[in-house]
Amino acid sequence: MDQQGDRHGLLSVQLYSVRDALAEDQDRTLARLAEIGFRYVEPFGLGSADKSAADRLVAAKALRRGLDAAGLRVSATHAGLPDDVGSLAEECAEIGADTVFVPHPRLVSGFSEDDFGDPGRVAAFADAVNAAGEALAGAGLRLGYHNHDFEWAKLPDGRSGYDAFWASVDDAILAELDVYWATVAGADPAEVLTRLGARAVSVHLKDGPARRGEPQTPIGTGDVDAPAAVRAAGSGLVWHVAEIDITDHDPFDLLAANAGLLAESGLSRWA
């Protein structure tokens, strides 16, 4: 199957959406996602600095057992970048991930969200990502970055920190655009995806009032035009990832509704 040439993205689900259920019963939670129709998931927490490499590998093995039992595969994973990226590569091999997205600068030693308002710190962060990308490439892994809203802080030259970051990283670094948080920042996700071009291989799709701290709602009921963003993206956009940060809805019901709408609209497919 030529995923890169298919304009109908594959659905996946970010496991952070059901983090409470995962903590209570990981295997049952994975089975419930499979029952909804998901065939791919996007884990989180790999490379965590607050766990030893040995403990992280144990967790990865347990996740793999649950994935196999539920008939699920990994689209990509969110992860921190430990000093020893070899340990992260081992975790990724265990769960079957070939792509890693850093979901926050604080998951790279010495960096924070405030760095996106400082051009020197943006450049330093880009250098750190480039170095990690080269190291992970040696293990057959691709590295990318996933945004929130703070990346659009304005720099003295008028650019956003987000634009400065992408101008500084290697072409091999991939993008996963969270359309919700881009909208919160005041950006147009469709325009951002157009500019990112072929490096945008994944999107997080959700809706709501596009304000920090506000609960998210079904796609089509808020201020985020997720379908327009998907339509604007290039053919390299493989993954359509359903995600929830916070919501007043049952998270499983909301994920099912959002993924179902995307599939029924012809924008996405389950497998």
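The model is a predicted one. Its largest nonpolar core holds 78 residues, and a search of the whole structure finds 13 salt bridges.

**Nonpolar cores**

- Within the largest core, the residues that touch the most other members are Leu143, Phe165, Trp166 and Leu177.
- Helix H5 (residues 119-137) supplies the largest share of this core, namely six residues.
- A separate core of five residues lies apart from it, including Leu10, Tyr40, Trp239 and Val241.
- Beyond its neighbours within four places in sequence, Trp166 contacts Tyr145, Ile173, Leu174, Ala175, Leu196 and Arg199.

**Helix H2**

- Thr29, Leu30, Leu33 and Ala34 are buried in helix H2, which spans residues 26-36.
- These residues lie on the same side of H2, because the arc they cover around the axis is only 140 degrees.
- In general, residues three or four places apart in an α-helix point the same way, because there are 3.6 residues a turn.
- The cover over the buried residues of H2 includes strand S1 (9-14) and the helices H1 (19-24), H3 (53-70) and H10 (251-264).
- Gly37 follows H2 and has a positive phi, near 130 degrees.

**Salt bridges**

- Arg56 and Glu91 form a salt bridge through their side chains, with an N to O distance of 2.7 Å. Arg56 belongs to helix H3 and Glu91 to helix H4 (residues 85-95), so this pair ties together parts that are 35 residues apart in sequence. Both Arg56 and Glu91 are buried.
- Asp178 pairs with Lys206 in a salt bridge whose closest N and O atoms are 2.8 Å apart. Because Asp178 lies in strand S7 (residues 174-178) and Lys206 in the loop between strand S8 (200-205) and helix H9 (226-232), the pair ties together parts that are 28 residues apart in sequence. Asp178 and Lys206 are both buried.
- Through shared partners, salt bridges link Asp178, Lys206, Glu243 and Asp245 into one network.
- In the salt bridge between Asp115 and Arg121, the closest N and O atoms are 3.1 Å apart. Asp115 is buried, at a relative accessible area of 10%, whereas Arg121 is partly exposed, at 29%.

**Asp149**

- Asp149 is located in the loop between strand S6 (142-146) and helix H6 (161-168).
- Its relative accessibility is 13%, so Asp149 counts as buried.
- The side chains of Asp149 and Arg212 are joined by a polar contact of 2.8 Å.
- Leaving out residues up to four places away in sequence, Asp149 touches Trp181, Val184, Ala185 and Arg212.

How values were computed:
Residues numbered from 1 in each chain as written. Predicted model: local features only at pLDDT ≥ 70, side-chain atom pairs only at ≥ 80, totals over all residues. Heavy atoms only, no water. Buried < 20%, exposed > 50% of the residue type's maximum accessible area, 1.4 Å probe, protein only. Helix = DSSP H or I, 4+ residues; strand = E, 2+ residues; numbered from the N terminus. Arc of directions from axis to C-beta. Contact = heavy atoms within 4.5 Å. Polar contact = N/O pair within 3.5 Å; in protein donor to acceptor, adjacent residues only side chain to side chain. Core = buried A, V, L, I, M, F, W, Y, C linked by side-chain atoms within 4.5 Å. Salt bridge = Lys/Arg side-chain N within 4 Å of Asp/Glu carboxyl O.
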